[in-house]
Amino acid sequence: MTYVIIGNGVASIGAIEGIRRYDAKGKIVVLAQEDTPAYGRPLISYFLAGKIGPERLPLRGDDYYVKNGVELKLGTTATAVDTAKKTVTTDKGDSIKYDRLLICTGGVPFVPPITGVKGPDIYSFTTLAHAKTLIELSSKIKRAVVIGGGLIGLKAAESLHDRGVSVTIVELAPRILSGGFDEKAGKLAGNRLKKVGIDVNCGVTAKEIQRGKDEHVKGVLLTDGRFLECDVVVVAIGVVPNSALAKEAGIKVERGIFVDEKLATSAKDVYAAGDVAQAIDMLSGEHRVVPIWPNAYNQGFASGRNMAGAKQPYQGGLPMNSISFYGLPTISVGTVNPPEGDKNFEIHAQLDEEKETYRKLVFRDGRLVGYVLVGDIDKGGMYTAFIKFAMPLAGEDKDKLINAGPEVFLWPPELFNETWNPEPAADAR
Amino acid sequence: MKRVYPNKDVCIGCHICELACITAHSQSKDLILAYTQERGQTGLSSCKHVHEEGPVCVALSCRHCDEPSCVAACISGALQKDPETGRTVYNREKCVGCWSCLMACPYGAISRHPLEQKIVKCDLCYDRQGGPACVAACPNKALKQEER
């Protein structure tokens, strides 16, 4: 059995670990576009900020690939997949035969069609290479504009600020972090950034990136007419699935590569996982692209074990983000911004601006379906349990969760026993 | 693998497991020094937490899951599954304190270190003679380490 994995991010790591749980011997070939073993992509903001050195970037140990019997082909891009002949062609001219193929090519930064966006001094801050270049540049440049007030944009802004660069964020939406956070949580995070001197502007975006005669960026003209002088621009609007390879191979692609409950694509023995995949979502039951880290690992793992023949379905993705802004921790899980006016949802929110704490709980049909925590995050996972295990919460129990927080005694007794104190197996008694 | 199983029906909520835990993870390996000094100085804290509600109590810590949510969520590679021992291992040096594991673990088994950008999580006392200190210290056999 030969497994070929196209991509070397966290989904790829998950897949290797999923395969090896069920198949100790099969050959695994990983095609890595970048020139480095898998690294913690979100760590590039820590790296750019100078909080960690390059030695802490790799996700696994030096001997990981060898130990797991993985042939890692660095700096290698897959150029075509032939699902009939079951081969992958690479830019090195190789043709690799597979029995099972996993496509986990991730996302590519979305670059909006702004005048002047093409050319030097523009970064997406999604690769280690960009982080390295920005570190080199940071001592020479004075000002940066970050387009996009999402997680990547804000972390890029924070890291550049830490390197002594003066940073302005522009966000088209009326608030930052409009994806996974609500207005109040976004405001607390925004205030923390403003306090350290990062300029945050909402409801405005770049109209044009202006360049000098030497092609270099001079500044950004905003939709409200202001002009921000700067040396570099970080474009962090979002990522879109990197699905071209699959599309060209005739594999079904909607928003991302469409996969079933085993993470299998429309082509026989071809699977997809991570930011490129459109997989089932735990809460909605719909197929969605949810480009977040834990989903990528879990999809990789589930595809790996299914490729190895384990026949265990993927449990579905759950949106979740944990991120700190200058020491202010935040967590957001599940459905946190239900459609306004939808009476099926019930929201309980508590804000303490002084203490910089916020908690929002979202219920639907007697179950917790989402929450946001800012500042005091210590019970995060305990809330996640109620969403993940779809535990019913009615009357007094729901009041307890709202008033006293999550507690393991609110779990249904069967789930509690099964989880914490299961009956010993017959042969172990 | 042998895991630690808590039995709420016989737990008496004495918190001795927590004290045994901090002693086992202290520099001094001395209960009094661990409690009176190291807790304050180094932020030493227990991986085990006694949960109480009225007369019912139970001491919980990391379950060392077969497919841990914390490993999936870890952005730094600090949390990994050891394929040989089955333990969910934590490499403190690699941890950046992003709290993704704390968010993802539905068992509430991960805490923030009180002083550093690190987490506190059960290591099953892997390097301790005689196995987990909490199990050894439990006066009413409410904690058992066994294969199930």
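User: How far apart do the C-alpha centres of domain 1 of chain A and domain 3 of chain A lie?

Analyst: This is a predicted model, and the values that follow are computed from it. Chain A is divided into domain 1, made of 2–108 and 240–307, domain 2, covering 122–237, and domain 3, covering 327–420. Between the C-alpha centres of domain 1 of chain A and domain 3 of chain A the separation is 32 Å.

User: Which radius of gyration does chain A have, and why does it count as being as compact as a globular protein of that length?

Analyst: The secondary structure of chain A comes to eleven helices and 26 strands. For 429 residues the globule rule gives 22 Å, and the value for chain A is close to this, so the chain is as compact as a globular protein of that length; its radius of gyration is 23 Å.

User: What share of the contacts in chain A with a separation of 6 or more is made by residues 24 or more positions apart?

Analyst: The C-alpha atoms of chain A fill a box of roughly 75 × 65 × 40 Å along the principal axes, and buried residues make up 46% of its 429 residues. Among contacts with a separation of 6 or more, the share that joins residues 24 or more positions apart is 64%.

User: Which residues touch the most other members of the largest nonpolar core, and what does Ile103(A) touch?

Analyst: In soluble globular proteins, nonpolar side chains tend to be buried together. The largest nonpolar core holds 164 residues, and those touching the most other members are Leu102(A), Ile103(A), Val234(A) and Ala272(A). Leaving out residues up to four places away in sequence, Ile103(A) touches Ile6(A), Gly7(A), Leu245(A), Ala246(A), Ile257(A), Val270(A), Ala272(A) and Val276(A).

User: Which strands stand at the edges of the open sheet of five strands in chain A?

Analyst: The order of this antiparallel sheet in chain A is E22-E23-E26-E25-E24. Each edge strand has a single partner strand, so one side of each is left without a neighbour in the sheet; these strands are E22 (320–325) and E24 (345–352) of chain A. From one strand to the next, the twist averages 10°.

User: Which helix packs on that sheet, and what angle does its direction make with that of E23(A)?

Analyst: Six bridges join E22(A) to the antiparallel strand E23 (residues 328–334) of chain A, and in this pairing Met320(A) stands opposite Val333(A). The helix packed on the sheet is H6 (residues 183–196) of chain A, which touches E22, E23, E24, E25 and E26 of chain A, and its direction makes with that of E23(A) an angle of about 155°.

User: Is Ser332(A) buried or exposed, and which residues does Ser332(A) touch?

Analyst: Ser332(A) lies in strand E23 of chain A, and because 26 other C-beta atoms lie within 10 Å, it is buried. Its C-alpha atom is separated by 6.5 Å from that of Ser322(A), ten residues apart along the chain. Not counting residues up to four places away in sequence, Ser332(A) touches Gly180(A), Phe181(A), Met320(A), Asn321(A) and Val372(A).

User: Which element supplies the largest share of the side of chain B that touches chain A?

Analyst: The contact takes 39 residues from chain A and 32 residues from chain B. Elements that each supply at least two residues on the side of chain B include strand E1 (2–6), helix H3 (69–73) and helix H4 (100–104) of chain B. The largest share, four residues, comes from H4(B).

User: Which residue takes a positive phi in the hairpin of E2(B) and E3(B)?

Analyst: E2(B) and E3(B) pair in the antiparallel sense over five bridges, with Glu53(B) standing opposite Val56(B). The hairpin has two residues between the strands, and the residue with a positive phi, near 55°, is Gly54(B).

User: What distance separates the centres of domain 1 of chain B and domain 2 of chain B?

Analyst: The domain assignment of chain B gives domain 1 as 1–61 and 124–148, and domain 2 as 64–121. Nine residues of domain 1 of chain B are in contact with twelve residues of domain 2 of chain B. Taken over C-alpha atoms, the distance between the centres of these two domains is 19 Å.

Methods: Residues are numbered from 1 along each chain as its sequence is written. Chains are lettered from A and ligands numbered from 1 in the order in which they are written. This is a predicted model: local features need pLDDT of at least 70, side-chain atom pairs count only at pLDDT 80 or more; totals for chains, interfaces and linings use all residues. Domain bounds come from an automatic or database domain assignment. The radius of gyration is taken over C-alpha atoms; the globule rule is 2.2 Å times the number of residues to the power 0.38. A residue is buried if 20 or more other C-beta atoms lie within 10 Å of its own, exposed if 12 or fewer, and partly exposed in between; C-beta atoms are placed from the backbone. Two residues are in contact if their C-beta atoms, placed from the backbone, lie within 7 Å. A nonpolar core is a set of buried Ala, Val, Leu, Ile, Met, Phe, Trp, Tyr and Cys residues joined through C-beta atoms within 7 Å. Two strands pair if DSSP finds at least two bridges between them. Axes are lines fitted to C-alpha atoms, for helices over the stretch in contact, and angles run from 0 to 180 degrees between N-to-C directions.
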